[in-house]
Amino acid sequence: MTVTQRLDDTTTRKRKPLLAGNGFGSNILALALVTLAVFALLALTRQNFATWQNLNSILFGVSIDFLAIVGFTYVMVMREIDLSVGSVFAFTGTLTGALLVGGWGFWPAAGVALLAAAAIGFVNGFLVVRFNINSLMLTIGSMLLVRGLANVLANDLGGQTYPRAFRSLARTNLFDIRITIVVMVLLVLLAWGFQRRSALYRKMCFIGENVKSATVHGIQVGTIKILAFVASAVTAGIAGIFTASRITHADVRMGLGLEFVMVTAAIIGGASLYGGRGDLRGSALGLMLLALVLNGMIMYDIEPVFQQFVIGALLIATVAFDTVLNRRSQ
Amino acid sequence: MSVAGTLPHARTAPVEAQPILSLSRVSKSYGAVQALREVGFDVVRGEVHAILGENGAGKSTTLKIIHGEVEPDEGEVLLSGRPTSAHERTEGDIAMVHQELAVFANMSVAENIFVGRMPRRGGRIDFARMHRRAAELLELFGVQVDTHEILGQLTPGQQQIVEILRAVESDASLLILDEPTSGLNNREAETLMALIKRLRESGHTILYVSHRLHEVLDIADDITVLRDGQFVETLRNKGLGEDDLIRRMVGRDLGPVSVSDLSSVAAAPVALAVEGMSLSGAFDDVAIEVRKGEIVGVFGLEGSGAEQFSQALFGIVPPTSGTLALLGKPVRDVSPAALMRRGMGYLNGNRKEAGLYMDRTIADNVSAPVLDRFSRLGLVDTGKVDALARADIRRFAIRVPGPEGRPRELSGGNQQKVAISACLANAPEVIVLNEPTRGVDVGAKAELHDVVRSEAAAGKALIVFSSDLPELLRLVHRIVVMRSRRVAGEVAGTAMNEEAVMALAAGNR
């Protein structure tokens, strides 16, 4: 039974609060408060938490991971997933380092590595679109495949340290702040506008909500999906280059398990496995929350091996919550 | 249980004066909305009792209360004269077949019929006996389907029939069928009508809800009409016509059937020209021309290829060969995005499957196809989106609180209006409509027909695919009939009647 009352044009247009979702984002205020609460708890109970050095290091780590979650979030909006991000992250970073060790200049090396990442993203997207392959399984495949490539490169380098100029890249500052942090802030602001107003983001939401409706409405589903997979790989690649610079040498463990951190953070931030939703601001907060939780565990001297357990538990909890939420709206 | 030759659970129906089901002053509100107000009527044992009403009239609430899914606020539901609780009715011998299919697509026909009650022998399922009995049931109702067939392989109509047979097999004395023919083509609907008549002969009581008035007139003994949550009248089905029912349902006359007039459009330029279009495995060598201001119907029984033709026409499944010209210009890229840019609009036959975003606002829904037009530098002008939604709500009389309403909260008719709004948002010159009034009540149907006619009057070319033949006959200028994956012929003007179309469609000629 529906309300059959019809209101005419005299209906006052309600002004929405700034942080509220407009149907194309989600309410991130609650998430911000939770993150703040965890922050306050740690700051009040642990002396060495709220030090400039510790906070800066958390924020720096989050800002690099954040670069990788940009494309990933928008892939999820379209009800697809890209689990190859961690591998592409490692591959692109290691390839850049390897080329630099081989005597290349930074820009050519980074450029070639990012092109390679873009190619991986394109193949992922193309296979999903053209053959309608389930992206979860497909990108598990590409995750393994690309991880293999990254390991070959890392083994060849044998733990060799990257050239000095590359090592200093991650420590580049802008106004005395790490450049990646500045970029994160800028991207969050951009995402705000993008998600409020852009036609592209709305189309992505439509595709995620009902791909057949989107097709019938003339939205170029295939093109947009492929673009998102390319973006996912390229943003993961950029983050990988910064990470390679930060850890200063080739390491086979680079970016291991990153994809699961990403899924968890994105869903905490308002994305859904069932598509139609996703918020880059929320993803940033989700990463922040996870980083605080992990840092807090260190502060409380909890065994580092336990971290894996916590990430796993959080992943299950968020996915379960997402599913329940989705079922209720049906 | 059943033996070949006799109907299952045939009751040696004792002729009881007591009605099998009575509603007495039943009321129900959801929040501020009064869904039912003091509704009361009797259902006579062994008869087919139809409930009619527009969407929002209270039919689904009534059914849910009878079936015990919903507790009424006031009033009583009596079974054979005895007051019952909602719980008793859910547990009791009332079987309901919902409008949406609830089947196991990966299981066999027999398993679907006997789901939860499979015959057993020594703790194991007796498959032989199950298939034998399923075959008997199917044969009794003249359904030619192998009981081993996987249900997902059947047509929606056959699946619906299997679902009804499941309810029949469940030994219920009262069978509720909610819009059972909404997904069926004419031939399947006829099979179903025959099935219902046989069920009545075997002593079953059937409560039947349908928008298709001719079906109701064909099979019902009594017809109860609801309007705006209130009981209007229970009519004995004798000497009634569709107009009698419509008047009671909407509380007004809907006006005469339109007279098709071809002369005004005969000289108009061709808006859509299709030649030699084929899609391998679906249809071959189809040609069609639609002029500006013309409404052309396409009719075909299931398997005729009409449905696939409509999808190929809009590039949803690109045709394998053939040419398509829009407004005199050949179109090489037959894809939805390209055709929309060139002035074609498309309404899908199943609005929930494609055409709506159930959980997005009306504003989002109607603006989805025109986002680019409403954007500058990639940014959407939300003022324009809002204005479009308000204009559509007014034009199509969509009953919704405002542009922020969502299709999931609306009745079928209002959902369809939203889907049509989206289809027309881009002001297309050539409009392809599939089942424009499927699952829609009489009032909304008339409104949607008015929309179609006004688009034609504005010089648009329309091509309407519908399995509802009476609808096509009163709506379109001429009908192209498809049979066996090809165009079988065309009828127009005075020659356009049900017999002529069916003769072409069913291949009697």
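The entries below go through a helix, the cores, a pair of domains and some loop residues.

**Ground rules.** I am working with a predicted model, where local features need pLDDT of at least 70, side-chain atom pairs count only at pLDDT 80 or more, and totals for chains, interfaces and linings use all residues. Residues are numbered from 1 along each chain as its sequence is written, while chains are lettered from A and ligands numbered from 1 in the order in which they are written.

**Helix 7 of chain A.** I took helices and strands as DSSP runs numbered from the N terminus (H or I, at least four residues, for helices; E, at least two, for strands). I asked what span helix 7 of chain A should have. Its 19 residues, 179-197, should span 27 Å at 1.5 Å a residue, and the end C-alpha atoms are 27 Å apart, which agrees. The expected span is 1.5 Å times one less than the number of residues.

Next I looked up burial, using C-beta atoms placed from the backbone: a residue is buried with 20 or more other C-beta atoms within 10 Å of its own, exposed with 12 or fewer, and partly exposed in between. The buried residues of helix 7 of chain A are A:Thr180, A:Met184, A:Ala191 and A:Gln195. They cover an arc of only 50° around the axis, so they sit on the same side of helix 7 of chain A; the arc is that of the directions from the helix axis to the C-beta atoms. On the face turned away from that buried side I found the exposed residues A:Leu186, A:Leu189 and A:Gly193. The cover over the buried residues of helix 7 includes helix 2 (52-77) and helix 12 (280-299) of chain A; contact here is C-beta atoms, placed from the backbone, within 7 Å.

**Cores.** I defined a nonpolar core as a set of buried Ala, Val, Leu, Ile, Met, Phe, Trp, Tyr and Cys residues joined through C-beta atoms within 7 Å. The largest has 160 residues, and A:Ala68 and A:Met262 have the most contacts inside it. Helix 10 of chain A gives the largest share of this core, 14 residues. Domain 1 (254-343 + 428-509) and domain 2 (356-426) of chain B both give residues to this core, so it lies between them. I then checked A:Met262, which touches A:Ala68, A:Ile69, A:Phe72 and A:Val85, not counting residues up to four places away in sequence. A second, separate core of 62 residues includes B:Ala50 and B:Leu165.

**Domains of chain B.** The domain bounds come from an automatic or database domain assignment. The C-alpha centres of domain 1 and domain 2 of chain B lie 25 Å apart. Their contact takes 11 residues from domain 1 of chain B and 11 residues from domain 2 of chain B. Helix 14 (residues 442-457) of chain B gives the largest share, four residues, of the side of domain 1 that touches domain 2.

**Loop residues.** Which residues did I find with a positive phi? A:Thr248 has phi near 65°, a positive value in a residue other than glycine. A:Thr248 is in the loop between helix 10 and helix 11 (258-268) of chain A, and is partly exposed with 16 other C-beta atoms within 10 Å. B:Ser80 has a positive phi near 50° and is likewise not glycine. B:Ser80 is in the loop between strand 4 (74-79) and strand 5 (82-84) of chain B.

Notes:
Two residues are in contact if their C-beta atoms, placed from the backbone, lie within 7 Å.
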